[in-house]
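The points proceed from the overall fold to individual side chains.

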Amino acid sequence: MQAFEATGTIDPTGRLMLDQPLQVTQSAKVRVIVLVSEDENVASSGNQTEVSESQDFSAQSFLNMIDEIRAQVPAEEY
């Protein structure tokens with residue numbers, strides 16, 4: 001599994017528009033984690049989960065999230 005960092009904008013219909021295309025070689029399903037600045041308001045609905053302000057978004061916690069996601073990927077897909 002590879003991780004990419006990108007910036008973008010969420011349009012009024014809720015679609016994520018990246019500022020630049022990702023440099024990947026093939027089409028693939030992805031998992032997206034969206035970090036919204038504190039002055040933005042995001043509501044919870046469907047598969048979207050609003051993150052409480054009390055959660056830690058340090059570099060270490062982000063790396064831990066990546067490790068948890070990586071553990072779900074079968075070895076033959078690496």
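1. The secondary structure of this protein amounts to one helix and two strands. Read from the N terminus, the order of the elements is β-β-α. The model under review is a predicted one.

2. Burial is reported for 5% of the 78 residues. The accessible surface of the protein comes to about 7500 Å², of which carbon and sulfur atoms supply 49%. Of the contacts between residues at least 6 apart in sequence, 28% join residues at least 24 apart.

3. Phe4 is classed as partly exposed because its relative accessibility is 45%, a value between the 20% limit for buried and the 50% limit for exposed.

4. The structure contains one salt bridge. It pairs the side chains of Asp67 and Arg70, with an N to O distance of 3.2 Å. Both residues belong to helix α1 (residues 59-71), where they are three residues apart, about one turn of the helix.

5. How accessible are the two partners, aspartate 67 and arginine 70? Asp67 has a relative accessibility of 41% and therefore counts as partly exposed. Arg70, at 35%, is likewise assigned to the partly exposed class.

Conventions. Residues are numbered from 1 along each chain as its sequence is written. This is a predicted model: local features need pLDDT of at least 70, side-chain atom pairs count only at pLDDT 80 or more; totals for chains, interfaces and linings use all residues. Side-chain values use heavy atoms; hydrogens and water are left out. Buried means under 20% relative accessible area, exposed over 50%, partly exposed in between (1.4 Å probe, protein chains only). Helices (H or I, at least four residues) and strands (E, at least two) are DSSP runs, numbered from the N terminus. Contact means heavy atoms within 4.5 Å. Accessible areas come from the Shrake-Rupley method with a 1.4 Å probe; for residues, only the protein chains shown count as cover. A salt bridge is a side-chain nitrogen of Lys or Arg within 4 Å of a carboxyl oxygen of Asp or Glu.
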